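I opened this notebook to record what I looked up in the structure. The entries follow in the order in which I made them.

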Amino acid sequence: MAERRHGTPTPPTDTEVVAERWDGEDLSGRTFERVAFVDVDLTDVVARGATFEGCSFRDCDLNGARFTDTGFLNCTFTKSAFFGARFEGCKLVGSTFDRCRFGPVEVVGGNWQFVGLPGADLRQATIRRASLREADLTGARLTGATLHHVDLGGAWLHEADLSGADLRGSDLSSVDPVAASLGKAVIDLDQAVVLVRALGLKVEEAVPMES
């Protein structure tokens, strides 16, 4: 089971929504606070400017959902599915994901700082221009994933598998090239310098042949 960073307890909920079908609904502008969603069908829901605060989602289906400028603040997702879901400009600060199924999930922009994704299978994920600063990606599987211009500063990446991932433009200052798997990952020249320095090597200009 995923644990919250720094031992922060999972927030309690006040009300429950159980085994309901909300598939295809428009939740734009709505606010949900301390609600427990259990076995709820949220397939293809649309939400722009909605807010979920201190909510929990257990065994929920969010496949194909479209969230824009929506907040999931300090929420907990357990054994839920996100195949084909898209998050654009969303704020998920402090939320955690435990044993969730992501598939080809897409994240564009937004604030995912302090998010808990330990051991998450994100191999088909596409993440662009988002902040995952200080996120917990311990042991996450990102093989072949796309992470373009993602802020990973301070992220926990111990034993994360980034092999074959396209990491161009992302902040790799917190990546330990010894503790994380990076085989065949795609990086740019600036990132190469960062990783070389992380190995304790010095990068200097080439010595001329005539010297």
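Before placing any residue, I noted that helices (H or I, at least four residues) and strands (E, at least two) are DSSP runs, numbered from the N terminus. I worked on a predicted model, in which local features need pLDDT of at least 70, side-chain atom pairs count only at pLDDT 80 or more, and totals for chains, interfaces and linings use all residues. Residues are numbered from 1 along each chain as its sequence is written, and side-chain values use heavy atoms, with hydrogens and water left out.

Entry on Arg168. I located Arg168 in the loop between β14 (146-148) and α1. I recorded a relative accessible area of 40% for Arg168, so this residue is partly exposed (buried means under 20% relative accessible area, exposed over 50%, partly exposed in between, with a 1.4 Å probe and protein chains only). Arg168 and Val203 are 35 residues apart along the chain, and I found 20 Å between their C-alpha atoms.

Entry on backbone angles. I looked up Asn74 in the loop between β8 (71-73) and β9 (76-78). Its phi is near 55°, a positive value in a residue other than glycine. Asn74 is partly exposed because its relative accessible area is 28%. I then turned to Phe114, which lies in the loop between β12 (106-108) and β13 (126-128). Phi of Phe114 is near 60°, again positive in a residue other than glycine. Phe114 has 35% relative accessibility and therefore counts as partly exposed.

Entry on the surface. I noted a nonpolar surface patch formed by Val178, Leu199 and Leu201, which together have about 310 Å² of accessible area. Such a patch takes residues with over 30% relative accessible area and no salt bridge, nonpolar side chains (Val, Leu, Ile, Met, Phe, Trp, Tyr) being joined within 5 Å and like charges within 9 Å. A salt bridge is a side-chain nitrogen of Lys or Arg within 4 Å of a carboxyl oxygen of Asp or Glu. I placed Leu199 in the segment after α1 (189-198).

How many cavities of 30 Å³ or more does a search of the whole structure find? I recorded one (a cavity is a set of points on a 1 Å grid over the protein atoms alone where a 1.4 Å probe fits but cannot get out; lining residues have an atom within 4 Å of a point). The largest cavity has a volume of about 120 Å³. Its lining includes Phe82, Trp112 and Leu132, and the lining residues divide into 12 nonpolar, no polar and no charged.

Conventions. Accessible areas come from the Shrake-Rupley method with a 1.4 Å probe; for residues, only the protein chains shown count as cover. On a 1 Å grid over the protein atoms alone, a cavity is a set of points where a 1.4 Å probe fits but cannot get out, and a pocket is an open set with protein on both sides within 12 Å along at least five of seven lines; lining residues have an atom within 4 Å of a point. Grid points are joined across faces, edges and corners, and a volume is the space filled by probe spheres set on the points. Ala, Val, Leu, Ile, Met, Phe, Trp, Tyr, Cys and Pro count as nonpolar, Asp, Glu, Lys and Arg as charged, and the others, Gly among them, as polar.
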